[in-house]
Structure formats: C-alpha cells, structure tokens
Amino acid sequence: MNKKVVIVISALAALIILYVFMSDDTVQPALVQTQKATEQVVVEKAPDETTEPETEEAASAVDMSPFQLTSTQKAAKVIANNYRETLRYAPYSQPLTVNDVDRLEPNRFIPLTVPTSDMSGTISLSLNKYRFIYPEPIKLTLTGDAVTRGKVIVSIVDERKILIEKSLAVSEAGAMLELAGKESFSGDLQLKVVADVAGDPITIVAQAKYDQPSAKLIGLKHTEVNGSDLIMTLSMDVEDAGIYRVRANLYDGAQPLAHLVAKSKLSSGRQELQLKAHQSVLPDKSSDLRLMTFVVERMSSVPGERARFGESEVTEISLIDVDLSELSRDPYSPTTKERASLEFLEGMANQKSL
C-alpha cells in the first residue's frame with residue numbers, strides 16, 4: 001500500500017480513537033459514517049499511484065495529494081460535526097428514540113442463520129440473551145426443518161478445554177436445550193451446535209458472555225431536582241469493589257426519552273450511585289416517568305482486565321412525586337474539556353495540511 005495512504009489511514013484511525021474516547025458515554029450514530037469514510041480511503045487510490053519501495057522515506061503530511069487531504073478532512077469534519085451535535089446534550093443524559101435498538105435492547109442476542117447443505121432451507125440458532133450472570137440458565141433454540149438430532153459443546157473462547165457437552169431435545173419445531181449456570185462458565189463462552197439436518201451435518205457457532213456476580217442494583221432511594229438536573233439516587237449491593245458504570249433508559253409512559261449513564265468508584269457492600277437526567281431531554285410535565293433497561297458494568301481498571309457485568313433486582317422503577325416544574329430550563333453548557341476537544345477536531349477538519 002502507498003505510504004502516503006498509510007499516513008492518511010493512521011491519521012483517520014487516530015481521529016476515530018480520539019472521538020470514541022471523548023464520547024465513551026454518549027450515543028454516536030454518525031460514527032458509522034466516519035468508519036465508512038475511512039474504509040473508502042483504504043481502498044481508493046490516486047490515478048497515478050504506484051507501489052513504492054520499502055526503503056523510501058515516509059511521506060510528510062504536506063506531501064499528501066489533494067485526494068488524500070480531501071478524504072482525511074471529510075472524515076475529520078464528520079467527527080467534528082457529530083461531536084458538536086452531541087454537545088447539545090449532557091453526555092450523561094442523551095436523547096433516546098424508538099430507533100435506538102442497541103440502547104433499548106442492549107442484551108439482545110441476534111439469531112444466527114445458515115443454509116442447509118442442499119440450499120433448500122435454513123437453520124437458525126438463538127439464545128434467550130447475550131450476557132448472563134451466574135446462576136442464570138442459558139436457553140438455546142435451534143429452528144428449521146428436518147432437524148433429527150443435535151448436540152451443543154460449550155467451551156471458553158480461545159481455550160481448547162470443553163466445559164460441557166449436551167444433547168438437544170428435538171421436536172417437530174426444531175431443538176432446544178436449557179443449560180444450568182455453572183461457576184466454570186466465566187468470560188466469553190463458545191456454544192458450538194452440531195445438528196443432523198436431513199442426514200447432513202450442520203454446524204453453527206454462537207458466542208455469549210457469562211459472568212460471576214460483581215454487583216446488584218437494589219432499587220431507588222430517592223429523587224431530587226438540582227438546577228437543570230433530575231437526580232435519581234440508586235442503591236447498589238457491591239460484591240467486587242471497583243469502578244462501575246450503570247446505564248438505564250428513561251421513559252415517559254411508553255415513550256423513550258433518554259439514555260442515562262453514570263460512573264462511580266464503589267466499595268464493597270451497600271453503596272449509592274446517582275443517575276442524572278438533564279432538562280433538555282425532559283418534558284415540561286409528566287406523571288408517568290420510569291426507569292427501565294438497567295445495565296450494571298464493572299469496568300476494566302488495569303490493562304488486560306476484562307469488563308464484567310452485574311445485575312438488577314428490579315426491571316422498572318417508577319419515579320413518583322417528581323415535580324418537573326422545579327427544574328431550571330438552562331441549556332447544557334459543555335465543560336472546558338469538551339469545548340477544547342471540539343476546537344481540536346474543528347482545527348483538524350479545517351487546516352490545509354494534516
């Protein structure tokens with residue numbers, strides 16, 4: 001690959017990494033557009049481009065062709081524009097719509113479908129969810145015509161050791177199995193299903209996450225209005241101390257309003273954590289505010305440590321006796337760090353050479 005193109009790709013990669021780092025707790029749908037722009041830079045070449053010897057010195061940013069510079073600026077502008085739009089709202093309180101499926105169903109398992117050997121039909125494998133907390137069972141369903149028998153082999157991803165092997169219960173509708181949770185299920189699980197379909201072997205491999213308990217959300221302690229924020233103090237029961245991130249979706253009746261996120265360092269035992277909803281995502285009045293879709297995550301604190309997930313004892317919390325008229329209706333004001341990040345991105349997008 002032309003070394004000038006490598007420089008452009010590196011610049012784009014740095015921009016995307018920076019953008020993800022800055023927007024860790026916000027909804028960023030336009031990031032997909034940025035990734036597409038990066039892919040275009042990777043595959044496209046200037047008309048007169050030729051392969052250059054490995055001994056050639058790396059080209060400087062000033063030597064970029066107009067095509068390369070334009071492509072890089074285009075990607076930088078996508079990032080800057082999207083980040084500017086994000087800063088209209090507090091990063092801990094982002095607007096939510098019915099189209100934000102990843103936020104509304106964060107633990108949904110997407111079924112895997114493969115064709116049969118003769119291409120006359122398909123076989124589909126699904127799990128009841130993607131992330132599990134011990135001792136939750138894993139419910140596995142295999143659907144499709146002419147499944148006569150099958151088995152599932154459970155192992156840890158990247159390890160050769162088989163944890164369990166079970167036969168599937170086959171019926172006219174397909175096959176199913178409920179695997180009891182085990183303490184040995186820890187980390188990224190691989191579930192390999194080998195099925196006999198009309199005499200032909202079909203293999204489908206699924207992955208899921210299985211964690212031992214780390215923390216549990218108990219419920220709501222109280223709510224209060226502080227300036228432009230509605231503050232909801234949650235009660236947590238923490239088994240494994242660490243830095244926790246808790247997510248929840250705020251609804252007005254059946255209408256999604258906002259995706260809320262909070263991070264806090266929690267000790268073991270009974271702890272408190274505060275979610276905040278900024279006035280910019282709240283209606284003028286409501287008698288049916290509720291929190292749903294809780295995600296409890298113990299974040300990685302050192303390199304090589306994987307994130308772990310906890311659970312919630314409650315599926316829904318009604319926010320009663322909340323008077324939204326007490327909220328200050330001041331717009332969200334970005335922090336000094338957020339403004340500096342936006343200025344940096346805009347500078348990258350507008351300068352003549354990168």
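When I say two residues are in contact, I mean they have heavy atoms within 4.5 Å. Keep that in mind for the chain on the screen, which is a predicted model. Take the contacts between residues at least 6 apart in sequence: 68% of them join residues at least 24 apart.

Okay, the overall picture. We have 354 residues, and 45% of them count as buried. The secondary structure comes to five helices and 20 strands. As for the surface, the chain exposes about 18,900 Å², with carbon and sulfur atoms supplying 51% of that.

How far can we trust it? The average pLDDT for the chain is 83, and 79% of the residues score at least 70. Where pLDDT is low, the predicted coordinates should not be read in detail.

Now let's look at one helix, α5, which covers residues 336-350. How far apart should its ends be? At 1.5 Å a residue, its 15 residues should span 21 Å, and the end C-alpha atoms are 21 Å apart, so the two agree. Next, which residues of α5 are buried? Those are Glu338, Ser341, Leu342, Leu345, Met348 and Ala349. They cover an arc of only 125° around the axis, so they sit on the same side of α5. Turn to the other side of the helix and you find Thr336, Glu343 and Asn350, which are exposed.

Most residues other than glycine have a negative phi, and most peptide bonds are trans. Here are the ones to look up in the model. The peptide bond from Tyr134 to Pro135 is cis, with omega near 10°. You'll find Pro135 in the loop between β4 (131-133) and β5 (138-143).

Then there's Thr293, which isn't a glycine but has a positive phi of about 55°. Thr293 lies in strand β17, residues 289-298. Is Asp321 buried or exposed? Asp321 is exposed, with a relative accessible area of 77%, whereas Thr293 is partly exposed, at 22%. Asp321 isn't a glycine either, yet its phi is positive, about 60°.

Methods
Residues numbered from 1 in each chain as written. Predicted model: local features only at pLDDT ≥ 70, side-chain atom pairs only at ≥ 80, totals over all residues. Heavy atoms only, no water. pLDDT = per-residue confidence, 0-100. Helix = DSSP H or I, 4+ residues; strand = E, 2+ residues; numbered from the N terminus. Expected span 1.5 Å × (residues − 1). Buried < 20%, exposed > 50% of the residue type's maximum accessible area, 1.4 Å probe, protein only. Arc of directions from axis to C-beta. Areas by Shrake-Rupley, 256 points an atom, 1.4 Å probe, with all protein chains shown as cover.
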